[in-house]
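These notebook entries record what I looked up in the structure shown below.

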Amino acid sequence: MCSSSLSVAKESFFLLAPLELLRSEDVKNITSIEELEKVKIDEQFIRYCIGEYKPAIITDNLFSFFRFTEKQAYLIIIDKRIDSTSELQRYNFYGLLDTYGKGKIVISSSTLTSEQIKKSINLTNVLINQGQTFILELFQLHTDYDESQDWWMHDVIYEIIVASYQDSNNDGIGDIQGLRQRLDYIQSLGVNTIWLTPIYTSPWKDYGYDISNFCDIDSRFGTLDDFRILIDDVHSRQMRIIIDFVPNHTSNEHPWFQAALHNDPKYIDYYIWHKGKNNGKELPTNWLGASGQRMWTFSSERNMYYLHQFLDCQPDLNFRNENVLDEIEKIFRFWLDLGIDGFRVDAVRHLIENDQYHDEPLSKDAKDMDPNIMYVAYDHTESADQSGSYELVQRWRKFLDKYAYENNRNYIVLITEAYTVDIKKVMRYFGNNREERGSDIPINFLITYYLDKDENEKHGLELDKVLSDWQSNLPEYAWSNWCLGSHDSHRITSRLPSKELIDGFYMLLLLQSGTALIYYGDEIGMCDRPFTLANSDEIVDITAFNYGEKYFDKMIRDRQRTPMQWTSQEANAGFTSSTVKPFLPLSDTWHELNVEQQQNALRSHLKLFQQLVKLRQQAPFYGGYQKKVIATKELYAFIRWLDTNIYLIVININKKGHDPIINDFTKLLKYQNKELFGEVIARSCNILDDSLIGKEGNQINLNNLILQSSEAIVLKLLTCPSNISFCQQ
Ligand code: NOJ
């Protein structure tokens, strides 16, 4: 090995090279793999070899490794494929080496454009062509917030139902122009990415999730031109826009379905048809859909049943048909060409069904659930989370990568909705490994499921179980995400043991590591509005009618979709003019619970939300470490730390009326000295100003931290991580 001069294979050249020489002129001049093989290194060279070596991703096609010292780190990537027709490949190196998150190409085997040289590369998303070799100089995640992680990793994503946000033309329905008028507000939240639920042309039987034209905007919201202007507006603020994408089904009014009904041979196979059992008298299978109906509806035109995982007016597309796959990619392309930054792909668990058409068993947990309407009464072994659905998500990830590469675009994010409590199934949507990536953000609904629990189960230990389940199941190559609710679950404020706990839950959402998703109105703690079957003319979410009186209240989603509450000064809370009836009644709370009131108050949910979003933009909230400190029935506490900073977040989960909880965090954190102090950084609105912890900047002895019911606090510890045994990784 140490002979005075030897010729080395391309891999070992970099392996042996001293770190400082990785940047030397010699290496820079190497323009091809072939040349690397010719390089001779001598003893001298090897002697200077410093720093450590760590393998990164090593497969038949790729050889990659890190070289690093305490101060510097490099990632060396060598694509070994020789077939010149090989496809562009994307790898995820994130999390393999400490908190390094991005890199800059310092040496490459192929000539780079000036753009490529300037641009930093996110380690989650390293694209490499056949035969390419390059060296990335790596950056720690926490050195610069903007440069730290890809936008979708550190942003807060704000979900908006356009119909419910702001009406601009006084027809009682929110629209694109209205949304544009509210961009200042959204930006003031510190939110950088908006996600719009469907705004495509639609008969609106399911809030637009029943699409009749995938490449146009529904006239109730405006025009494609309005939408183009919205995209420009959003981008000019350095913000991003994501739209809902609904590939699983179309509306029954979609021309494809209409053509299929009329036996047009091209379109029949766009959908899924089956003969009934027992000479057509019985449904093909017992499958029950997610909208309270059996999955099969008879078409007298075709004398067959068609499949629909949701309402009978939402026939499922057939993803075993290549033409359908092509159509979907065309639709992706259409919106990407307009400048969309990503997609929230709807209902991915329902994309593919087992084509053996076996019945599904009742679930053991079904208890007294009505199996004729309640989706959770069955184990959906045949119709949900089939391997084909995972493959489709991976295929679309690849498609988006290719599009971004070919069009010199920033990373295009892929969010997926798989609404299931089965965490392993959700995790699989991340993809198989670092090469075969799927979804970037398979939405984490675990807090939502926690809030579904019975009152006596909504305590700290259950919460801990949910949070730890997510963290421990998260693949090491995946990026985390958190959400409190969405358009499909009742408002968080209405489901917490006490409304005031919303502030503590903001802390969980925004201060844990991962992307945060927030549903419009939750930033002011908006509550549900009850609906009754007796007032059926008020109801827009017609799916709820399928559930009958027993489950109506639980299932109706209009409760959480009411218009945004802007002000108490104007009729209809400023959502629409006084002369029209909003398409959905407002929640009665709007007079006292609205944006204006919370902006003017000294302290409010809104103000705390804004404060926490800002805090999250500082290390250690991005790029740092996280650990649970204590979880009991009444309390949940965790720390975030990095370098010299440590933050402690403590939430009292009890609802009003319990005794205060006193904790000695000096002991809990295994602090070496007797006393440990923390400075108050942020606090829930229910912490009184005259209490010890009632002022930002106050320094508190953590021997004796007292929190009243539903209070939550963020403290910065006045010591270093090295003094706290708990912070050792
Ligand atoms: C999931 C969406 O979030 C929900 O609102 C919709 O009803 C179904 N998918 C059907 O598209």
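Is Phe638 buried or exposed? I found Phe638 buried, because its relative accessible area is 0%. Here buried means under 20% relative accessible area, exposed means over 50%, and partly exposed lies in between (1.4 Å probe, protein chains only).

Entry on sources. I note that the model is predicted, that local features need pLDDT of at least 70, that side-chain atom pairs count only at pLDDT 80 or more, and that totals for chains, interfaces and linings use all residues. Residues are numbered from 1 along each chain as its sequence is written, and side-chain values use heavy atoms, with hydrogens and water left out.

Entry on aromatic rings. I recorded 43 aromatic pairs in the structure. One of them joins Tyr636 and Phe638, with 6.2 Å from centre to centre and 45 degrees between the planes, and is tilted. Rings of Phe, Tyr and Trp (its six-membered ring) pair if their centres lie within 6.5 Å; planes under 30 degrees apart count as stacked, over 60 as edge-to-face, and the rest as tilted. Tyr636 counts as buried because its relative accessibility is 3%. I also noted one aromatic cluster formed by Tyr200, Phe214, Phe227, Trp256, Tyr267, Tyr270, Phe334 and Trp335.

Entry on charges over rings. I looked for NZ of Lys or CZ of Arg within 6 Å of a ring centre and within 35 degrees of the ring normal. Arg302 lies over the face of Trp273, 4.6 Å from the ring centre. Lys627 lies over the face of Phe726, 5.2 Å from the ring centre.

Entry on the ligand. Which residues surround the ligand? I listed Asp206, Tyr209, His249, Phe310, Arg344, Asp346, Glu417, His487, Asp488, Arg557 and Arg561. By class, this shell has seven charged, two polar and two nonpolar residues. In the side chain of Asp206, an N or O atom is 2.7 Å from an oxygen atom of the ligand. A polar side-chain atom of His249 lies 3.0 Å from a ligand oxygen atom, and one of Arg344 lies 3.1 Å from a ligand oxygen atom. Taken alone, the ligand exposes 300 Å², of which the protein buries 97%.

Entry on Ile199. I located Ile199 in the loop between β12 (193-196) and β13 (200-201). Ile199 is buried, because its relative accessible area is 4%. From Ile199 to Phe66 I noted 133 residues in sequence and 46 Å in space, C-alpha to C-alpha.

Technical notes:
A residue is near a molecule or strand if one of its heavy atoms lies within 4 Å of it. A polar contact is a pair of N or O atoms within 3.5 Å; within protein, one must be able to donate a hydrogen and the other to accept it, and residues adjacent in sequence count only if both atoms are side-chain atoms. Accessible areas come from the Shrake-Rupley method with a 1.4 Å probe; for residues, only the protein chains shown count as cover. Ala, Val, Leu, Ile, Met, Phe, Trp, Tyr, Cys and Pro count as nonpolar, Asp, Glu, Lys and Arg as charged, and the others, Gly among them, as polar. Helices (H or I, at least four residues) and strands (E, at least two) are DSSP runs, numbered from the N terminus.
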